Amino acid sequence: CSMTLFTACDKDFAEINTNPNAVSVPTTAYIFSKALYDGAANSGNKGSLLFGLMQYTTSYNDVEGFGSKYTASQVNATGGVFTNSYPNQINEIGEVIKAVKDDPTKVNLYATARIWRVYCFSRLTDLYGDIPYTDAGQGYNLSIFQPKYDSQSAIYADMLKELEASATALTTANTTTFGNSDLIYQGNVTQWKKFAYSLMLRLGMRLTKVDAAAAQSWVTKAIAGGVIREYADIAKMTYTSGGQNINKNPIAWQLLNDNYLRADGTNNTEGGKYQQVFINSLKANSDPRLSALSVVYVNGSASSDESIQKGMPATINGTKPSDFITYSEPKQTTVLKVDAPLLLFTAAESNFLLAEAALRGWYSAETATNLYETGIRASMKQWDLISGTTGTIAQARIDSYVAAHALKTTGTVATQTEQIYNEVWVGLFPDAQEVYNNYRRTGYPALTPNVYPGNATGGKIFRRFLYPVSEQTLNRTSYNEAVQRQGVDDLLTRVWWDK
Amino acid sequence: GNSHANVNKNTATHLPKSARLSIVKEIGGKVIAAKDASPVIGAAVFIKENPRVGTTTDAEGNFKLNLPENFATKNITLVITSVGFEKFEVAVAADQSSITVSLKENVQQLNEVVVTALGVKKDKRALAYSVSEINGSDFTQARENNVANGLTGKIAGVNATGLSTGPGGSSRVVIRGNGSLTGNSQPLYVINGMPIDNSVPGGSSLPNGLGTKAGTDRGDGISAINPDDIESMTVLKGGAAAALYGSRGANGVILITTKKGKAQKGIGLEYNSTFTMENVSVFPDFQYEYGQGDGGVMPTTLAQAQATGRRSFGAKIDGSTNYMAADGKNHPYLAQKDNLKNFYQTGTTFTNSVALSGGNDAILYRLSLADLSAKSVLPSNTYNRKTASLNISAKLSERLRAEAVVQYNLEQGNNRPIAGDALGNPNWMAYEVANTVDVRWLNPGHDANGNEIFWNDAGIVTNGYFFVNKFKQTDTKDRFIGQASVSYDLLKNLTLKATTTRDFYNYNFTSIMPTGGQYIPQGQYDGIKSDVSETNSMITAAYNTKFAETIGLSVLGGANTRQFKNNQFDFYGQGYTIPYFYSYSNLATSTATPVTSNIKTNSVFGSADLDYKGIWFLTLTGRQDWFSTLSPKNNNVFYPSIGTSLMLSDVINMPRVIDNLKLRGSWAQVGGGGPDPYAINLAYSNVPSASGVPLQNVSSASITNAGLKPFTSTTLELGLSTRLFGGRLSFDAAVYDKKSSNDIVSVPISGASGYTSAILNSGELSNKGIELLLEGTPIKSADFSWNTSFNFAYNKSEVLKLADGINTFSIGNSANGNAFINNQVGMPFGGIYGYRMKRDAAGNIIYDTNSNLPLQTDNNQYLGNGVSPYTMGLNNTFKYKNFSLDMLVDGKFGGSIFSVMEVYATRLGLMKSTLPGRENGLALKGVTANGDAYSYTVPVANLRSAYYNNLNRYTELFVHDASFVKLRQVIISYRLPAGFLKSLGVQSASVSLVGRNLLILYKKTDNFDPEQGLTNGAAQGIESIGLPRTRSYGLNLNLKF
């Protein structure tokens, strides 16, 4: 650049200012895969929070034990899912939708992406209640830096509408799919349709407390559309064992990394173990899943001997108990298996939800007893997927468990509902978030809260997560509107469908 | 000698009548230097009664002054001035026609030729802005490894702090307040007129830095400079002074002029050696009444001891013998007050430098070699710096000159301490260990297999000895700074110059979190490899002339092109497949991420300096910059500046006590482009994936801005300087008003937008301030002298605008988010924000009846200023014969600091404030949210878990006034007598006792040094258990042959 050639002073700038490690044109399928990984990972199942709250696990340590002890000093940890979700899966699925929505040849890509967006948003709103939805993820496209929070009722209405529209739009007549970039169904349009209707069933049923008529209407629609009933149709993310952490089963990896890398039963990084309540229940019910999911370390090796399984009480105040090694912990070859698939929507869940629908008289093609029993069998069978070996739970034990836990059709609806959701507690494990959602809606399983010194809730199981504190600063007006509408931003305020 | 005039009375001056009409009288004479009677060339000679009647001396020092008619028959006063000499006035009687004047050299005057922007030397009289200069020798006796830390307290308006991150750590220097809301606010460092890179490889550490990368301060660019090579350091505080640097001068410029050879016989040899030791200087004032344990119970089993390794909520300390500590042994239950002394060692720094110099009329050279070897107070933490510097300047012909400067630096660090969060931070154990544990019981921190010994309830809080003995961090920075210039005098007064410089370094950082750690049992790897270069090429043409003997004009024009490149790879991995084998090739999960940065700025610039008789000066500068980082539509900007100064004392008659009085004023607009490249267009990057399914996402969580345009910073400065009592007292004052507009801000935004920040041209920030400098020589005699210098500055910063609709955002936070450093409209830059306890109108604490804890306010409560607005320094030098004593006291006032150490010391029961309730439980009294009276007693058993452990929710409890006054530096020197030395062939020799940071004369923090900072980023005002600050003392030897 010289004084006489002002115009030439910037001639190579465009090239200099181009990032050599990035492209300007996205490959939509690759972004879709990333959205799937991130959406599956960033849920209430990340970390030990809901595992503790639903009394699967605990720790003698206050920080890790927050979920089971509601420790006041750790409450802000609940903001993490919100923080992580938007710049990741919400942003990514938005990029995918932006790229495909106006292209009629990509009708299946568009519909698939919309279904995934509903999945992602449903996981978020169920934890927090009102959240940024319409305005969310529009920082780049529309320069919305302080997105408004939508009411949960509006979000549910839109999510259900989206599911219906996407399920209808999916067509086998068009063969353009995400193919192998689709880590759930590898582009199988028929299965995506079932997933969409299954989510409709899940979200529809969520409305029973707040709007039973709407719930019935959506549940009926979902059933008519066809939900996941078969083992082969289970919506699941696939993972690998080596390589990058993003390719690993996020629940297994997190549990492993937080506590169980040493696999010796004693040097658990954050003092984690299964909680007494969960293991006692499995033992009391002679549940064959106990040996599929739990071990105790004896002389340095993992034992699944059911008779020695023992959960740790959640009331231990900070000190590692001297019998720490004798408590049960997740099994390395199943729950902690990083290349196990993550089950997003199982046949078991459909059956349990249908059983409730049958109890409510919203579904009459099958009986509640049959659906409930099918649900239990499906939930036991799915350990084959998790363990990677068939027959993980012996058929004989399944049969005897089913026989011993028949639905008490002579009992009240409440009794039968409790039976169903006690099964959901075990049957959906480790999807603690969906168990938590059903717990809040139905009250089952009837967990007894832990009362621990310095707890934030007065010894109550909390009803929602706190918004990240940064929202109070960076998105103050919208945040205040949401709090005004929904109630104080604390752990005991109930979300709309839980009122 | 004193100036004197030999007057020759001329009795026979008979000029023709015709001539008498125009040249009525001629005075001839000669001006010589008093020292050696050599002619003084170019001295101004004029008559006081009318300064327009004047001339200058020629090459022989002779002058001829023609007096007009009205002065020809009067007695007049002749004024003779020349740079480097004291102004001299002499009465000339009407009948005198010839005079010889000898001028006294003025050492202070000599110093007042200062280096200004682009290396241009100017008479201080001509400066329209405040410039401060420090001699190189100020950095070489009581040394700071990082020369920038040596600026602390020395210059009004310069806020310099060294970080508590061990030898080789970074500095933070801010001149006249932070200039950018989120960008860089540190000055540009320039060596011999050309910029160098001052970045921290891999980025500055963070105040909440977690782990080996974000928590390690890897040292900045200025830390590599050898103080022995510095001839002088000039601080251009910004605005007009730095306007010629355009975009990069917005935060001020620090000019370093390195030493050159001198023409002499033989070879000059200089040797300087300094050995210093350092020790921890501040010890926390913890409670030693109740010992290790929880719920009022002392641990008696290993499990209890491990669970309570960091808890001092035990029984009354009574010497019990059944107490067990985390080493599994019984010890008497006694207070252990010396854990900091026992964990840290005496640090040492040994610096040796040797310089050879010499030359003749044609060529001058200087070669220096230096080695600095430091052992930190933290065992295993070492730092070594080797520097070699060669400066050659040659006069190739009468018109052609060439100069080359080559510097090679090699910096090697080992186990730099991790600060910020707990993981791998060796300081957390030393500070947090329960008060009845002797920290040495936990040595060596690992078992025979190399696995970390469990010493507390949280695996993330690394055993400090495990860090010392097993963590492996090494870094190497090979740096080369080369400069070459050629200048050619096209005419006698027109010089062309071409310069090119390259500051290049190759950096290699590896940090191993070993196998066997409690928190990351299979280990973790962090690495950075980078090649960073800053290349500048500049051409200039300088022309000067004089009109009508009274008006001087200097014109400078030039062009510069700057290119910055960083080619970096970040290596990260987890899980050593073969345990204890620490190779990147042995990781279960690993990623290598390329980080590239390429920036170019092209510039043309010019300046014009007008000088009217050395009385009135006017400077105009202009610079146009083109930035590669900005939108092609708005990628260039013009920066003007104008400045003027007036020697008022030469215009109006002043009282005798006033030697001179100068007024000055300047206005400048500088600014800059985007600090980071690739901020214009949305881009997508691939994400490492092992599943065979490629992954991609947007490249940056920051929203790009296609219209990005330059920011501007406008400064108005007024100043006054005066010298009184024959130079015994001088005073300088400056006021300034600096406003940054269209600041390129990486605005943190709600993550719900899909991004965490947006790059906007929206910030407005104001800094207004005043700077005072008072220097004096109260005593001056042949044997004894006392020089004193006091500087004071106040800077008021105010955030005027962030972005549309955004009133506040955070630029950093403490570990666990207990405190935030925010920028909020209407408030000072970088305030400390967080939660308070909720109180009713009467001041009663409002309690949550569920948790029995005080309710929290929102987290936007302003709790203090993270940056001290007042800074001052007082330096006194006493000289008695061959002895000298130099003492620097400095202080900062008005800032605050949030202490993470106190957060934990509260949660863990070490603070004296946790004593209430130890015997009978803690009675809480207040009101409920409904306004009802509330009372509750926290039982002793739950005192920690139900109460004190949760006090981290109330930020206000841990924010303190960070004001201090320190005895920063003491140097006691003895200069050996010359006679004795001569016999040894030594020209001069001195021995000094030196000390740095010796005493804190005033502070408001009981438990830590208020300067306990750990990052040189924008978020200041957080203490987070970094390496403790130290006092150092030692010996310096200087020999010249």
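Biologist: Among contacts in chain B between residues at least 6 apart in sequence, what percentage join residues at least 24 apart?

Modeller: That comes to 68%, where contact means heavy atoms within 4.5 Å. Before we go on, this is a predicted model: local features need pLDDT of at least 70, side-chain atom pairs count only at pLDDT 80 or more, and totals for chains, interfaces and linings use all residues. Residues are numbered from 1 along each chain as its sequence is written, chains are lettered from A and ligands numbered from 1 in the order in which they are written, and side-chain values use heavy atoms, with hydrogens and water left out.

Biologist: Thanks! How many helices and strands does chain B have?

Modeller: Chain B has 11 helices and 53 strands. Helices (H or I, at least four residues) and strands (E, at least two) are DSSP runs, numbered from the N terminus.

Biologist: Which residues of helix 9 of chain B are buried?

Modeller: They are Val900(B), Met901(B), Glu902(B), Val903(B), Tyr904(B), Ala905(B), Thr906(B) and Arg907(B). That is eight of the eight residues, so helix 9 of chain B is largely enclosed by the rest of the structure. Its cover includes helix 7, strand 46, helix 10, strand 49 and strand 52 of chain B.

Biologist: Switching to chain A, how many residues of helix 10 are buried?

Modeller: Nine of the 11 residues in helix 10 of chain A (residues 250–260) are buried, including Trp253(A) and Tyr260(A). Among the elements covering them are helix 2 and strand 9 of chain A, together with strand 26 of chain B.

Biologist: What about helix 5 and helix 6 of chain A, at what angle do they pack?

Modeller: Helix 5 (residues 80–100) and helix 6 (residues 107–128) of chain A pack at about 160 degrees, with their axes 10 Å apart. That makes helix 5 of chain A roughly antiparallel to helix 6 of chain A. Angles under 35 degrees count as roughly parallel, over 145 as roughly antiparallel, 65 to 115 as roughly perpendicular and the rest as oblique. Axes are lines fitted to C-alpha atoms, for helices over the stretch in contact, and angles run from 0 to 180 degrees between N-to-C directions.

Biologist: Which residues meet there?

Modeller: Among them, Phe82(A) and Ile93(A) in helix 5 of chain A and Trp116(A) and Phe121(A) in helix 6 of chain A take part.

Biologist: One more: where is Ala690(B), and what does Ala690(B) touch?

Modeller: Ala690(B) is in the loop between strand 31 and strand 32 of chain B, and is partly exposed at 39% relative accessibility. Not counting residues up to four places away in sequence, Ala690(B) touches Gly242(A), Gly243(A), Gln244(A) and Asn247(A).

Biologist: And Thr928(B), buried or exposed?

Modeller: Thr928(B) is buried, with a relative accessible area of 12%, and lies in strand 47 of chain B.

Notes. Buried means under 20% relative accessible area, exposed over 50%, partly exposed in between (1.4 Å probe, protein chains only).
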